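Visitor: I have a new structure open and would like someone to walk me through it. Could we take it step by step?

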Amino acid sequence: MKHHWKIGVVAGLMLLLPLALATTTVTTANAASKTTTSKTAKKAKAKPKAKKHYLIVMGHGAGDPGARGNGTTEATFLRKHMLPQLRKYAKRVKGSTITFYNPKKNLVSDTLYHHKGSYKINKKTTVIMFHLDAPAGHGGHVIIHKKHPTKRDKRLAKVIKKYVGLNRAYNGYSYRTNLRNCNVLRRRGIDYSLVESGFITNRNDVKHLKKNMAKIAKADIEAITNEHIK
């Protein structure tokens with residue numbers, strides 16, 4: 001009788017084993033599914049890559065007229081003709097963030113005399129400064145902070161060459177280490193380009209700048225961000 005009882009128990013356990021295995025398999029599968037879903041959800045919630053930030057600066061201003069020529073000043077020309085167009089196209093980029101230094105202020109004097117300006121710029125920001133050259137000559141170039149131009153510098157130089165022409169003295173670029181505000185940026189490890197868009201004292205340069213300002217601004221924003229604007 002005892003042996004029959006044991007055999008019955010074993011038989012019962014054998015019958016329950018497939019059910020237990022099936023339950024375990026289903027539970028494991030559900031757990032794996034939840035884990036996969038959880039990982040997918042985490043990937044979906046991952047923050048998008050931060051956009052590159054560019055700060056565009058119009059040279060001089062705040063009482064500093066800069067160079068003079070053709071009935072205007074560098075500070076006035078940049079703010080009256082170039083700034084509105086740059087702002088217009090800066091709004092159209094999707095992959096970058098572009099802001100503008102307060103045109104009522106002067107980045108150089110804010111930096112050198114008030115210990116603000118370039119001292120307060122985030123180190124991850126890339127600074128693009130626009131100027132006009134003087135006293136005499138033709139064409140523009142890009143002032144760079146390394147001995148060799150970056151891809152961005154080369155794109156900016158191509159814009160100058162297309163619409164105004166390059167200054168033969170520099171063939172597109174000049175490496176400078178004697179500009180005090182730029183030296184602050186360099187020491188802080190901030191990437192920058194200083195664009196001399198042409199000579200304010202050259203009638204043809206000013207004529208080409210005014211005539212093509214919208215195209216130049218669009219091309220400059222594309223060159224800065226390496227992004228095509230429709």
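Predicted model: local features only at pLDDT ≥ 70, side-chain atom pairs only at ≥ 80, totals over all residues.

Visitor: How many helices and strands does the chain have?

Guide: The chain has 7 helices and 8 strands, where helices (H or I, at least four residues) and strands (E, at least two) are DSSP runs numbered from the N terminus.

Visitor: And what share of the residues is buried?

Guide: Of the 230 residues in the chain, 40% are buried; buried means under 20% relative accessible area, exposed means over 50%, and partly exposed is in between, with a 1.4 Å probe and protein chains only. The accessible surface of the chain comes to about 14300 Å², and 57% of it belongs to carbon and sulfur atoms, with areas taken from the Shrake-Rupley method with a 1.4 Å probe, where for residues only the protein chains shown count as cover.

Visitor: What about contacts in the chain, how many join residues at least 24 apart?

Guide: Among contacts between residues at least 6 apart in sequence, 79% join residues at least 24 apart, a contact being heavy atoms within 4.5 Å.

Visitor: Let's turn to the pocket. What is the volume of the largest pocket?

Guide: Its volume is about 420 Å³. On a 1 Å grid over the protein atoms alone, a pocket is an open set of points with protein on both sides within 12 Å along at least five of seven lines, a cavity is a set of points where a 1.4 Å probe fits but cannot get out, and lining residues have an atom within 4 Å of a point. Grid points are joined across faces, edges and corners, and a volume is the space filled by probe spheres set on the points.

Visitor: Which residues are closest to the centre of that pocket?

Guide: The largest pocket is lined by 25 residues, and the closest to its centre are H60, V108, H131, L179 and L194. Two or more lining residues come from each of strand 1 (52-58), helix 3 (107-112), strand 5 (126-133), helix 5 (180-187) and strand 8 (192-199), and strand 5 gives the most, with 4 residues.

Visitor: What sort of residues are they?

Guide: The lining of the largest pocket divides into 13 nonpolar, 6 polar and 6 charged residues, where Ala, Val, Leu, Ile, Met, Phe, Trp, Tyr, Cys and Pro count as nonpolar, Asp, Glu, Lys and Arg as charged, and the others, Gly among them, as polar.

Visitor: Now the cavities: how many are there of 30 Å³ or more?

Guide: There is 1 cavity of 30 Å³ or more, and the largest cavity has a volume of about 60 Å³. Among the residues that line the largest cavity are F130, V159, V195, I216 and D220. Helix 4 gives the largest share of this lining, 3 residues, and the lining as a whole divides into 8 nonpolar, 1 polar and 1 charged.

Visitor: Where is V159, and what does it touch?

Guide: V159 is in helix 4 and counts as buried, at 8% relative accessibility. Not counting residues up to four places away in sequence, V159 touches I216, A219, D220 and A223. The C-alpha atoms of V159 and A219 are 6.4 Å apart, although the two residues are 60 residues apart along the chain.

Visitor: Last topic, how many salt bridges are there?

Guide: The count comes to 2 salt bridges, a salt bridge being a side-chain nitrogen of Lys or Arg within 4 Å of a carboxyl oxygen of Asp or Glu. In one of them D191 pairs with R152, with the closest N and O atoms 2.8 Å apart. This pair links distant parts of the chain, 39 residues apart, with D191 in the loop between helix 5 and strand 8 and R152 in helix 4 (residues 151-163). D191 is partly exposed at 23% relative accessible area, whereas R152 is buried at 8%.

Visitor: And where do E222 and K218 lie?

Guide: Both lie in helix 7 (residues 213-225), 4 residues apart, about one turn of the helix, and their side chains meet in a salt bridge at 3.0 Å, N to O. E222 is buried, with a relative accessible area of 18%, and K218 is partly exposed, with 23%.

Methods. Residues numbered from 1 in each chain as written. Heavy atoms only, no water.
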